[in-house]
Amino acid sequence: MMREEVRHADNTKIDLKVWKRLVDYGLHYKARVIRTVLVLLVVSGADLAYPLFTRYAINHFIGGGTTQGLGLFGLLNVLLVAVQGLGVVLFVRGAGRLEMDISYDIRQDAFIHLQQLSFSYYDTTSVGWLMARMGSDVSRLSEMIAWSIVDVMWSLTFALGVIVVLLAMNWKLGLLVLAITPVLAVLCLYFQRRILRQQRIVRKANSRITGAFNEGVMGAVTNKTLAREDAAQVEFEAVTGEMKTAAVRAATLSAIFMPLVVNLGAVATALALWRGGLLTLQGAMDLGTLAAFISYTTQLFDPIQQLAHILAEMQAAQASAERVIDLLDTPSDVQDSPEIVERYGDLFHGKKENWPDIRGRVEFKDVTFRYKSGEEVLRHFNLTVEPGQNVALVGETGAGKSTIVNLVCRFYEPSEGEVCIDGTDYRQRSQLWLQSSLGYVLQSPHLFSGTVADNLRFARPEATEEEIRAAARMVHAEEFILRLPQGYDTQVGEGGGKLSTGQKQLLSLARVLLADPKIFVLDEATSSIDTETEALIQDAIQTVLSGRTSFVVAHRLSTIRSADRILVIRDGQIRESGAHDHLMAQRGEYYSLYTHQYRREATRAALE
């Protein structure tokens with residue numbers, strides 16, 4: 001099941017536990033929240049005072065036919081407006097800062113958590129899903145939480161204040177006005193479920209749209225070369241059409257809901273005007289009190305409308321909240337126990353003083369590995385690699401070669417059995433202990449935005465300029481680096497897009513070498529480059545891998561002839577093992593693979 005289908009997918013109620021988790025981010029800044037709420041209480045007090053000022057003005061100045069005290073009355077009004085204006089400014093400033101703090105904290109926690117998740121998470125999670133969570137969902141939630149915390153406090157305190165004043169002025173008329181609220185509660189409950197259901201559909205579709213955008217950009221060349229732009233457009237229209245339909249339904253429900261709330265407020269005002277007017281005509285209520293009562297009745301539904309709006313926003317954002325919490329709560333399949341963390345540190349804070357040295361002996365003991373889907377890749381797999389030994393893995397696609405090296409690196413863990421480093425199950429050590437001594441060069445190298453030197457320093461930030469240049473020279477990369485416009489200070493572009501595949505591969509290799517790893521993994525690292533660059537890398541590998549335990553997943557078999565051991569992997573098992581000459585003499589699977597590839601490359605060379 002893809003990550004979009006999260007645990008709350010069939011729930012039609014607002015999950016208060018989810019919102020409590022998110023509101024807690026705002027409560028990290030209690031002092032700021034309290035200051036902002038106090039400011040809002042002052043603003044609420046000013047709002048409550050206006051109708052009383054109006055009541056006094058009507059009864060004293062108009063009803064009394066006098067202007068005595070008008071100057072002081074006007075001054076107090078100006079002062080009240082100034083205090084309220086200052087309060088609004090402070091409120092907006094405080095809520096805005098709170099929004100940015102919440103957004104920052106959620107993104108920080110989510111990013112750190114993503115660094116801790118194992119490869120299996122990324123096997124089932126699309127880039128589009130993650131980008132939607134980290135981008136639009138977090139922005140939406142942080143904005144809502146920051147403003148809603150203070151808005152709810154204002155709405156509740158102001159509504160309570162209005163109710164108290166209404167009942168104090170005329171409790172019978174006040175109860176008549178308040179009789180509308182149960183009807184409002186029923187409306188909220190009715191529309192809540194329906195709006196929420198449509199908003200979940202919108203958010204799921206939004207994730208797929210983000211993923212489709214990502215695939216469309218990354219696969220633009222493929223679409224053009226296959227002339228399938230029309231098909232891609234049809235597929236994209238189908239995804240966006242689903243979102244459009246659900247969004248229109250949600251907007252329609254919201255468009256009906258909010259006017260109903262407004263109309264209920266108008267009905268309450270009409271009731272107050274009707275009954276209060278009769279009382280005024282009968283002399284049971286003065287005109288100023290009636291005016292104040294009508295004003296309070298109108299204002300009463302402002303906070304109620306605000307609460308209804310917040311409820312509607314919560315309904316709309318519930319799907320986003322669920323997905324962000326789902327991301328934050330997703331457990332990693334590869335975790336260090338609390339005892340291991342206590343002794344050796346976690347992924348971010350290693351206790352290196354307790355780390356034993358790594359010599360590089362790697363042993364698989366009766367290892368079975370299954371993916372989450374249930375697919376079994378390795379069964380009762382056994383292998384021992386001595387320190388400094390160079391092992392090459394060959395075989396058909398899907399044979400289990402990459403799975404073996406990923407288990408060595410502890411990107412995955414065995415479903416059964418043990419992987420031991422220097423005789424100890426690596427689960428008895430921290431992940432950082434092992435991965436700090438790993439060098440991994442991928443088939444598709446990835447560079448980060450920045451300069452050539454910046455990318456090389458990712459392996460060891462404290463490396464000197466001479467150490468960087470030495471690593472580049474060891475892989476024969478300095479020659480092309482010095483030809484770049486700014487040499488080591490040249491920007492490589494996003495993903496290293498300004499460099500060729502071969503150049504990126506050389507930099508990737510130099511970056512790993514700079515870290516001086518004890519265990520080295522090359523996962524088909526020469527399969528995507530030209531023959532000349534391959535020769536440069538192979539020459540560097542022979543020098544650099546000397547004395548290091550290394551695993552080479554080979555695509556071009558000609559590159560592994562000097563390996564200490566070559567393992568032919570098929571169906572997750574070792575079918576043949578030995579040096580190149582030994583395996584060629586056996587004339588088995590390796591012999592067939594090698595000769596077939598040799599003839600194919602010779603034919604290609606002849607045609608060229």
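Buried means under 20% relative accessible area, exposed means over 50%, and partly exposed lies in between (1.4 Å probe, protein chains only). The model is predicted, so local features need pLDDT of at least 70 and side-chain atom pairs count only at pLDDT 80 or more, while totals for chains, interfaces and linings use all residues. Residues are numbered from 1 along each chain as its sequence is written, and side-chain values use heavy atoms, with hydrogens and water left out.

**Whole chain**

Of its 608 residues, 48% are buried. The secondary structure comes to 20 helices and 10 strands; these are DSSP runs (helices H or I, at least four residues; strands E, at least two), numbered from the N terminus. The accessible surface, from the Shrake-Rupley method with a 1.4 Å probe and, for residues, only the protein chains shown as cover, is about 30,100 Å², and 58% of it belongs to carbon and sulfur atoms. Among contacts (heavy atoms within 4.5 Å) with a separation of 6 or more, 78% are between residues 24 or more positions apart.

**Trp154 and Phe158**

Select helix α5 (residues 127-169), where Trp154 and Phe158 lie four residues apart, about one turn of the helix. Both Trp154 and Phe158 are buried. A search of the whole structure finds 14 aromatic pairs. The ring centres of Trp154 and Phe158 are 5.3 Å apart and the planes are at 5°, so this pair is stacked. Rings of Phe, Tyr and Trp (its six-membered ring) pair if their centres lie within 6.5 Å; planes under 30 degrees apart count as stacked, over 60 as edge-to-face and the rest as tilted.

Next, select Phe53, Tyr56, Phe61 and Phe73, which form one aromatic cluster.

**The nonpolar patch**

Show the surface of Val42, Leu72, Leu75, Leu76, Leu79 and Val83: together they make a nonpolar patch of about 540 Å². Patches are made of residues with over 30% relative accessible area and no salt bridge; like charges are joined within 9 Å, and nonpolar side chains (Val, Leu, Ile, Met, Phe, Trp, Tyr) within 5 Å. A salt bridge is a side-chain nitrogen of Lys or Arg within 4 Å of a carboxyl oxygen of Asp or Glu. Helix α3 (residues 70-116) gives the largest share of the patch, five residues. Val83 is in helix α3 and is partly exposed, at 37% relative accessibility.

Move to helix α12 (residues 401-408), where seven of the eight residues are buried; among them are Lys401, Asn406 and Val408. Most residues other than glycine have a negative phi. Arg410 is in the loop between α12 and β4 (416-421) and is buried, with a relative accessible area of 2%. Arg410 also lies over the face of Tyr426, at 5.6 Å from the ring centre. A charge sits over a ring if NZ of Lys or CZ of Arg is within 6 Å of the ring centre and within 35 degrees of the ring normal. For another case, select Arg429, whose charged end sits over the ring of Trp433, 5.8 Å from its centre.

In strand β1 (residues 362-370), select Asp366. Asp366 is not a glycine but has a positive phi of about 50°, and at 39% relative accessibility it is partly exposed.

Finish at Leu593 in helix α20 (residues 589-607). Leu593 is partly exposed, with a relative accessible area of 24%. Not counting residues up to four places away in sequence, Leu593 touches Glu396 and Leu557. Leu557 and Leu593 are 36 residues apart in sequence and 8.2 Å apart in space, C-alpha to C-alpha.
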